[in-house]
Amino acid sequence: MGKLTRRARAKADYLGFIGAREWPLAASGVGVALGVVTILPSAVGVVLSVVALALGVATFTRDVRLLRRRWAGFEFTTIAAPFPTAELPPPPAYPDAAYLAVPARGTALVSAAIDRELWAERHTIDIAEEPYRLPPSLKATAPHVLPLRARGRLLFNGPIVGMRGDPLPAAGARPAPIRLHRARFFDAVCSNELAALRITRTDTGEEYDLRKAELTDTAGALRELSSSALADLVGVSTVAFTTDGKLVTVRQSPLNSVSGLLLAPSGSGSLEPRDLRTPDGGPRRFLHTAIRAGMERELCEESGLTPEDVRETKLAGFARWMERGAKPEFFGLTRLSVDSAEVARRRPVSGERLYSAGLTLFDVDLPAIGAALAAGVPLSEALPPRLGEDGSLPLLLALRAAAAWQAARV
């Protein structure tokens with residue numbers, strides 16, 4: 001019953017999102033239905049009812065034709081080529097930033113200096129009062145993009161948190177608060193996820209490339225998050241280790257909208273509004289406590305662990321996932337208070353079983369990974385073979401950040 005309920009909810013979210021933008025068509029349909037109803041019970045107003053019905057049918061038919069014409073007005077193709085990092089330099093404000101490309105996985109913008117700044121846990125947060133709204137330039141394609149992205153997957157329009165600020169180092173004084181905003185998952189699908197598509201107007205042949213239109217600033221470099229118009233949902237991923245040193249990974253099912261069938265971090269997903277509040281309902285003030293709450297929530301949902309099984313989580317790194325509209329991603333390292341045998345007996349919560357094909361545990365030597373990376377070994381080659389071959393980009397980046405943090409502690 002749980003799976004049927006979640007499938008029904010995904011369909012309801014999808015129809016609600018589309019219906020909110022195509023309500024005139026629905027109104028015409030209701031008019032036709034009412035016209036039919038008024039004919040049946042009474043012969044007094046038959047003539048007027050027939051006229052009203054005819055007008056309703058004509059209007060409804062016109063709206064259907066206009067809708068089909070608009071929905072056929074765009075052609076979407078997936079961009080298979082690697083992200084063109086040479087054409088989009090990192091933001092000048094990002095210190096020591098570099099693109100990290102992993103074949104067949106994706107490209108991330110990383111900065112060791114930003115990671116070290118996060119270790120200091122100095123960043124505070126500020127929550128915007130108004131929720132995120134798609135800008136007009138993205139609203140036009142939203143009804144077309146969603147059916148394309150939802151095909152063969154289960155997408156829910158759940159609440160998420162977006163980011164309108166950059167966790168940059170600040171000399172001396174405490175960094176300025178990072179602005180966060182509330183949004184919905186479909187906002188991200190219809191903004192950030194367009195970076196993987198080439199959109200062409202069928203009537204004019206004009207192409208819309210989000211990478212050029214939204215990711216590039218006036219100087220030709222990647223926009224900072226503070227000046228982005230996208231939803232920029234905050235990704236949170238953590239790699240958890242048992243008391244006997246085993247890494248916990250999640251085998252993703254084909255229904256995952258991103259990185260399906262690949263190995264995911266122990267906990268991975270998006271920051272949610274509930275992560276911005278403490279257990280007693282008060283607001284969280286610091287970025288690392290909100291991010292850590294999201295990581296541990298995702299960990300417990302996807303592994304079946306409980307908060308009591310978590311000893312501690314450390315915020316270890318940050319990146320921007322370029323193929324997903326340069327959205328922000330945070331990575332953590334979690335130490336558990338249970339061993340691998342106990343973890344193997346756990347099952348994900350019911351709502352996650354559609355997306356998880358189970359847990360897989362690995363022997364991973366973080367210091368050895370850190371030493372290999374410091375020696376210039378490519379990320380996918382510095383990891384155990386199975387992880388390098390089957391790991392998702394968030395898993396590879398989380399292990400990279402965890403290894404760097406571990407090396408700095410020695």
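This text goes through strand pairing and then ring contacts in a predicted model.

Strands of a sheet pair through backbone hydrogen bonds, either parallel or antiparallel. Both senses occur around strand β6, which covers residues 178-184. Strand β4 (residues 125-127) runs parallel to β6 and is joined to it by 3 bridges; here I125 has I178 as its bridge partner. Strand β5 (residues 159-164) runs antiparallel to β6, with 6 bridges between them.

An open sheet is formed by 3 strands in the order β1-β7-β8, with antiparallel pairing. Its edge strands are β1 (74-78) and β8 (207-208), each of which pairs on one side only. Between β7 (residues 197-201) and β8 there are 2 bridges, and the partner of T200 in β8 is E207.

Turning to the rings, the structure holds 1 aromatic pair. It consists of F318 and F330, whose centres are 5.1 Å apart and whose planes are at 50° to each other, a tilted arrangement. F318 belongs to strand β13 (residues 310-321) and F330 to strand β14 (residues 327-336), so the pair ties together parts that are 12 residues apart in sequence. F318 has a relative accessible area of 3% and is buried, because the limit for that class is under 20%. F330 is also buried, at 0% relative accessibility.

The charged end of R324 lies over the ring of W321, at 5.1 Å from its centre.

Definitions and conventions. Residues are numbered from 1 along each chain as its sequence is written. This is a predicted model: local features need pLDDT of at least 70, side-chain atom pairs count only at pLDDT 80 or more; totals for chains, interfaces and linings use all residues. Side-chain values use heavy atoms; hydrogens and water are left out. Two strands pair if DSSP finds at least two bridges between them. Helices (H or I, at least four residues) and strands (E, at least two) are DSSP runs, numbered from the N terminus. Rings of Phe, Tyr and Trp (its six-membered ring) pair if their centres lie within 6.5 Å; planes under 30 degrees apart count as stacked, over 60 as edge-to-face and the rest as tilted. Buried means under 20% relative accessible area, exposed over 50%, partly exposed in between (1.4 Å probe, protein chains only). A charge sits over a ring if NZ of Lys or CZ of Arg is within 6 Å of the ring centre and within 35 degrees of the ring normal.
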